[in-house]
Amino acid sequence: MPSSEQSIDKRPWLLLSPSLLAISLLVVIPMAFILVYSFYENIDLAVDRVAFQFGNWAEVATDGYYRVAIWKTLRLSVIVTVLAAVLGYIPAYFIAMTKFRDKWLLLLLLILPFWISFIIRTLSWIHIFGNQGALNGLFQLLGLTDAPLSLMYNEFTVIVGFIHVFLPYMILNIYVSLEGIDKNLEPAARTLGATPWQAFREVTLPLSLPGLAAGCLLVFVLTGGSYVTPLILGGPSDFLFGNLIYDAIVTELNWPMGATLSFTLLLLLGLVVVVYSRLMGLNQLSKAFK
Amino acid sequence: MKKIDSTKRYEMLKERMGNGDMDRRSFFGLLGAAGMYAGVSGGIMTAMAQQARAAGTELYFEGWGGVVSEALRKHAFNPYEEATGNKVVDATFGGESEVLTKIKAAGSTNGHNILHSSGVSWYKRWVDAGYGSELNLANIPNVENVMEAIIAPFKAITPNSLSAIPYDYGTTGIAYNTKYVSEEKAKELGANLLLDKELKGKIGAWGGDWANRAWYGALQSDQNPNNIQDWDAVWDKARENRDLVLKYWSSGAELMDLLAKEEIYVTEAWSGRVAALQAQGHPIAYMDPPNGLAWMESMFVLKGSPMAEAEELLNFMLDPATAIAVAEGQKYPTSLDPNKVEMTDTIKALPAYDPTGKLDTLVFRDPVVWNEVEKEQSKQWNRVSKGG
C-alpha cells in the first residue's frame with residue numbers, strides 16, 4: 001500500500017509554481033477579462049455598454065462569414081505546417097548529423113533571421129517576387145518572359161511568408177530531438193541488414209517524432225493566430241481569422257465582438273492543442289515526475 | 001546641423017525604402033551601419049542621457065508618415081525645437097482608429113498630444129468621445145490667416161471652442177500609369193476606371209477606410225455620395241471592384257510603392273502622394289472625377305496635453321513661411337487663405353488647390369450623414385473586402 005507521502009507529491013507543483021503564476025497573471029486573468037468583455041454590447045463605434053448578453057456569441061455561431069474565416073485559417077495552417085515539416089526536417093537532420101566541427105555556426109545561421117524585424121523579413125518578399133523583384137529580373141534576363149509575371153499578393157506569397165518566418169521554429173524543434181538520439185542506433189540497424197532509408201525510416205524518424213510533433217504544433221498555432229503576413233503579402237481574399245479580430249477591434253472599434261472572436265480563436269487553437277497532444281502523446285511528459 | 005536619433009534615422013530609412021527611393025541593398029547596408037553606430041556610440045543609454053538633459057516639454061505627435069511626416073519634421077518640428085527648446089516626438093499611425101484603440105486600451109491620453117487628424121468626421125468622433133481640448137485662439141494669432149471656409153465645419157461641431165486647427169486639404173482621386181492607361185480613357189471612364197475589366201489584377205484600392213470605398217461605390221452607382229439611398233448598389237460596386245483588385249493598400253508609403261513598381265496601374269490615391277511620385281519622375285497621372293472626394297486635415301490637440309506648448313507649436317506651424325514650406329514638402333495645399341497670404345507657384349500647381357479660398361469646387365464628406373451609418377456600413381465593408 002502506497003504511503004500518503006507518495007500519493008501527495010508536491011514537487012511538481014513547487015517546480016511549476018513560477019510558470020503557473022506567470023501564466024495566471026499574463027494569460028488566464030487577461031483572457032478572463034476578454035471573456036467578460038465578450039458579453040458587453042457595442043452601442044456605437046468605440047462606445048460599449050456593460051451587459052450580460054449573448055448577441056456576439058450568437059452572431060459568431062450563426063454567421064457563415066466567420067465559418068469561412070475559420071475554414072481558411074485551419075486550411076492555411078495545415079498547409080504551412082506540412083510544408084514547414086517537410087522543408088524543416090532536411091536542414092535539421094543535416095545539422096544534427098554533420099561532422100562539421102563548428103556546428104554552432106550552423107545554429108547561429110538558423111537564428112540569424114530573428115535579428116531582423118519580422119515585418120522587414122515579410123516585406124523582403126516584395127523585393128523577390130515583385131514586378132521589379134529578383135525573380136522577375138532573372139526571368140527577363142534569361143529571356144524567359146517579356147513582361148513581369150504577377151507573383152505577388154496571392155495565397156502562394158502568404159504561404160511563403162509564413163514558412164520563411166516559422167521554419168526556424170520547426171528546424172530547432174526537430175534538431176533538438178535528433179540531437180538526443182543515440183548516434184549508434186542507425187549504424188546498428190545497418191549492421192542488421194537495413195538499407196540507409198530503412199534505418200532512417202524505422203529508427204531515426206520514429207525517435208525524432210516528439211520534436212517533429214512539437215514543431216508542427218508550434219507552427220500550426222503561430223500560423224493560426226497570425227494576421228500581419230496576409231495583410232502585407234496577401235490579396236483581397238487572403239485573410240485569416242486574426243484579420244477579423246483586427247477589423248473588429250481596430251477598424252470597427254467594436255471591442256465586445258473583437259473579444260468574442262479572440263476567445264473563439266483561443267478555444268479553437270486550444271482544442272487543436274488538446275486533441276493533438278492526446279494523439280501524439282505529449283501528455284506523457286508528466287510521467288517524468290513519477 | 002541638427003542631430004537625429006537612431007529611431008528617427010531607422011524610420012526615415014524605412015520610409016525612403018517604402019516610398020521606392022532606395023533599393024533593398026542600400027537599405028540594409030545603411031541599417032547595418034546605423035546599428036553599428038548606435039552600438040559604438042552607446043545606443044539607448046546615449047538617448048536616455050540626452051533625454052535627461054533636455055529641459056523642454058515633450059509633445060507627442062502622430063501623423064501619416066512618408067513625405068507628409070518628413071515635411072512636418074523638416075520645416076516645422078525641427079525649427080520649433082530649436083526655437084523653443086521643447087521636443088516634438090513624432091510617430092506614424094496607420095489611421096486614427098489605431099490611436100483611439102490605444103487610448104481606450106490604456107484608459108488615458110498619456111503619450112498622445114497632437115494628431116494629424118483626418119477630416120471633420122474624425123474631429124466629431126474625438127470630440128464626442130470626450131477627448132477634445134479647448135484651444136485658446138489668443139495664443140494662436142496666425143489662425144487669422146486660415147480660410148474661413150475650412151474652419152467653418154469645425155466650428156459647426158464645437159461652436160464655443162476649437163480642439164483643432166485645419167492645416168491642409170486634398171482629394172482622393174484616381175491615379176493611373178500613363179504607360180498603360182491613356183488620358184482619354186481615364187477621363188471617359190472617370191470613377192468607373194476602377195471597374196475596368198481590362199485592368200484586372202492591375203487595380204489597387206485603399207482598404208483602410210470604408211467611407212472611401214463607399215464614396216466611390218456611390219459615384220459608380222450614380223448616387224450622390226452625401227445622400228446615399230441604395231447601399232446595396234454601393235456595395236455591389238465595391239464587390240465588382242474587389243474582384244479586379246490586386247491589393248488593398250493600407251498606407252501612403254504602400255500606395256507609392258505599388259504604383260512606382262508598377263504592381264498596379266490604376267488606383268484611387270491621395271493627391272499629395274501622387275504629386276510626390278510625379279516629382280520623382282514616375283509616369284503617374286492624377287484626376288479627380290466629378291464629385292470626387294475632398295478632405296481636410298487638422299492638427300487635433302487631445303485633452304490633457306500641455307496646452308500652452310501645443311498652442312505655441314500650432315501658431316508656429318501656421319506661420320505663412322512654415323505652412324507654405326510644409327505644404328510644398330507634403331504636396332497638399334495649406335489651409336491658409338490665398339486671399340490673405342501669397343502662395344508660391346509650387347502651391348498653386350498642387351492638385352486640389354483652390355485659388356478662391358472658398359473651397360466651393362470641392363465636395364467634402366458630410367460628417368453628420370456619414371458618422372450616422374458608420375457602425376453598420378464599416379462592418380459591411382470589412383465583409384465585402386474579404387469576399388462577402
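How many helices and strands are there in chain B? In this predicted model, where local features need pLDDT of at least 70, side-chain atom pairs count only at pLDDT 80 or more, and totals for chains, interfaces and linings use all residues, chain B has 16 helices and 10 strands. Residues are numbered from 1 along each chain as its sequence is written, while chains are lettered from A and ligands numbered from 1 in the order in which they are written. Helices (H or I, at least four residues) and strands (E, at least two) are DSSP runs, numbered from the N terminus.

Of the 388 residues of chain B, 47% count as buried. A residue is termed buried if 20 or more other C-beta atoms lie within 10 Å of its own, exposed if 12 or fewer do, and partly exposed in between, with C-beta atoms placed from the backbone. Two residues are in contact if their C-beta atoms, placed from the backbone, lie within 7 Å. Among the contacts in chain B with a separation of 6 or more, 75% are accounted for by residues 24 or more positions apart.

Chain A was described in the same terms. Its secondary structure comes to 14 helices and 2 strands, and 30% of its 290 residues are buried. Of the contacts in chain A between residues at least 6 apart in sequence, 69% join residues at least 24 apart. The C-alpha atoms of chain A fill a box of roughly 80 × 75 × 30 Å, taken along the principal axes. Strand E1 (residues 41-44) and strand E2 (residues 47-49) of chain A pair in the antiparallel sense over 3 bridges; two strands pair if DSSP finds at least two bridges between them. One bridge joins Asp44(A) to its partner Val47(A) in E2(A). The two strands form a hairpin with 2 residues between them, and Ala46(A) in the turn has a positive phi of about 70°.

The contact between the chains takes 26 residues from chain B and 21 residues from chain A. On the side of chain B that touches chain A, the elements giving two or more residues are helix H5 (96-106), strand E6 (245-249) and H16 of chain B. H16(B) gives the most, with 7 residues. The residues on this side of chain B divide into 5 nonpolar, 8 polar and 13 charged. In this classification, Ala, Val, Leu, Ile, Met, Phe, Trp, Tyr, Cys and Pro count as nonpolar, Asp, Glu, Lys and Arg as charged, and the others, Gly among them, as polar.

Within H5(B), the buried residues are Ser97(B), Val99(B) and Leu100(B). Seen down the axis of H5(B), they fall within an arc of 160°, so they line one face of the helix; the arc is that of the directions from the helix axis to the C-beta atoms. These buried residues pack against helix H13 (241-251) of chain A together with strand E1 (58-63) and strand E3 (114-118) of chain B. The face of H5(B) turned away from its buried side carries the exposed residues Ala105(B) and Ala106(B). Just after H5(B), Gly107(B) takes a positive phi of about 75°.

An α-helix has 3.6 residues a turn, so residues three or four places apart point the same way.

Helix packing was examined for H9 and H16 of chain B. The axes of helix H9 (residues 210-220) and helix H16 (residues 367-385) of chain B come within 9 Å and cross at roughly 95°. Axes are lines fitted to C-alpha atoms, for helices over the stretch in contact, and angles run from 0 to 180 degrees between N-to-C directions. Trp210(B), Ala211(B), Arg213(B) and Ala214(B) in H9(B) meet Trp370(B), Gln377(B), Ser378(B) and Trp381(B) in H16(B). By class, this contact has 5 nonpolar, 2 polar and 1 charged residues.
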